[in-house]
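These are my notebook entries on a model with its sequence. I record what I looked up, entry by entry.

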Amino acid sequence: MIRMLLPFGVFLGLVILLLTGLQTADQRQVIDSPLIGRPMPNFALPTLHDESATVARVDLLGKPFVLNVWGSWCPSCRVEHPLITRMGREIESPLVGLNWKDERSAAMRWLGQFGDAWDFHLFDQPGSLGIDLGVYGAPETFLIDHTGIIRHKHIGPVTAESYDDLIQKIRELETEAATS
Amino acid sequence: MIRAFLAVLILTLASASASGQITQSESPIEPRDFASQTQEDRYRSLIGEVRCTVCQNEPIESSNAALAADLREQVYQQIIDGRSDFEIRSYLRDRYGDFVLYNPPFAGHTLLLWLGPIVLLLIGLIIGGILIRHRRKMLMERSQAAQ
């Protein structure tokens, strides 16, 4: 009897293994960032609107902020744009754009056409800060606390489902900054 | 008529194979200058073991993605600057995680991955051993009973 049940048990085990594998297939595309809990890398970049201005890491410390990586060449950035616009309205912390591997003129046209809800944009044409942040495709959204530690990373477009979660996490960082 | 048709066919095939050759020579890898053959070999082998994170089933060696080109440039610059393979791998891993390397490290969370096959082999050997012993005992008892 046991001898007959054994192959069946193995088969059942395989079915369960493969089924759970199928369920988590989408999540496997998303690469966990090793940067969570680590300080945001150093940088000094011009802003998109002002070539001569330089913003460095130290300029952003003191308040939590949202760093949204985008490019005018990126179709998914257009998809999330309405939610980013809403985020710009709803949060108190700065919403910083990281215009990644883009042309200045194209980026400006894109903002002119769709609207600019960000506080300002860093202009990273060579993509160096992108590499330091482990960005592997726009859009990506980072939450950084008031001490400059990367606390959360959202990969891909912000969706209606992930929006509330992001807002809640930002609020938590804001309270944390206010109480410390 | 047939001759004209054949001529057109041959011409088409010839131009197709010519264009085929052109696309073949368009490798995504940029030409690079190295100080030594060792450096070039290291570059070749490193870009072969780094995953293109955009197109996840390709190494950056064969990917046309812009990010893969940037990462090839990084690897190249760091080799020229005299960084070791270990340092370059850590540089990439610090930013993109273990996933960026096709060879996962041997660490606590990858123990099952590395030792799993050995454990399975051991289980198989033990089960096989038990079955063989069981069978041998049965055969022996049977032959004794027959005698």
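How many residues does the contact take from chain A and from chain B? I found 18 residues from chain A and 16 residues from chain B, with contact meaning heavy atoms within 4.5 Å.

Before going on, I note that this is a predicted model, in which local features need pLDDT of at least 70 and side-chain atom pairs count only at pLDDT 80 or more, while totals for chains, interfaces and linings use all residues. Residues are numbered from 1 along each chain as its sequence is written, chains are lettered from A and ligands numbered from 1 in the order in which they are written, and side-chain values use heavy atoms, with hydrogens and water left out.

**Interface.** I looked up the area that chain A and chain B bury between them: about 1,300 Å², of which 56% is on carbon and sulfur atoms. Buried area is the accessible area (1.4 Å probe) that two parts lose on being put together, summed over both. The rule finds 2 salt bridges across this interface; a salt bridge is a side-chain nitrogen of Lys or Arg within 4 Å of a carboxyl oxygen of Asp or Glu. I checked the salt bridge of A:Asp132 with B:Arg95, where the closest N and O atoms are 2.9 Å apart.

**Helices of chain B.** I took helices (H or I, at least four residues) and strands (E, at least two) as DSSP runs, numbered from the N terminus. H2 (residues 37-49) and H3 (residues 66-80) of chain B pack at about 150 degrees, their axes 10 Å apart. Axes are lines fitted to C-alpha atoms, for helices over the stretch in contact, and angles run from 0 to 180 degrees between N-to-C directions. H2(B) is therefore roughly antiparallel to H3(B) (angles over 145 degrees; under 35 counts as roughly parallel, 65 to 115 as roughly perpendicular and the rest as oblique).

**Helices of chain A.** I then found that the axes of H3 (residues 75-90) and H6 (residues 160-179) of chain A come within 11 Å and cross at roughly 25 degrees. H3(A) and H6(A) are therefore roughly parallel to each other. Among the contact residues are A:Leu83 and A:Met87 of H3(A) and A:Tyr163 and A:Ile167 of H6(A).

**Backbone.** Most residues other than glycine have a negative phi, and most peptide bonds are trans. I noted a cis peptide bond between A:Ala138 and A:Pro139, with omega about -5 degrees. A:Pro139 lies in the loop between helix H5 (128-132) and strand E6 (140-144) of chain A. A:Lys101 has a positive phi, near 50 degrees, and is found in the loop between strand E4 (95-100) and helix H4 (104-114) of chain A.
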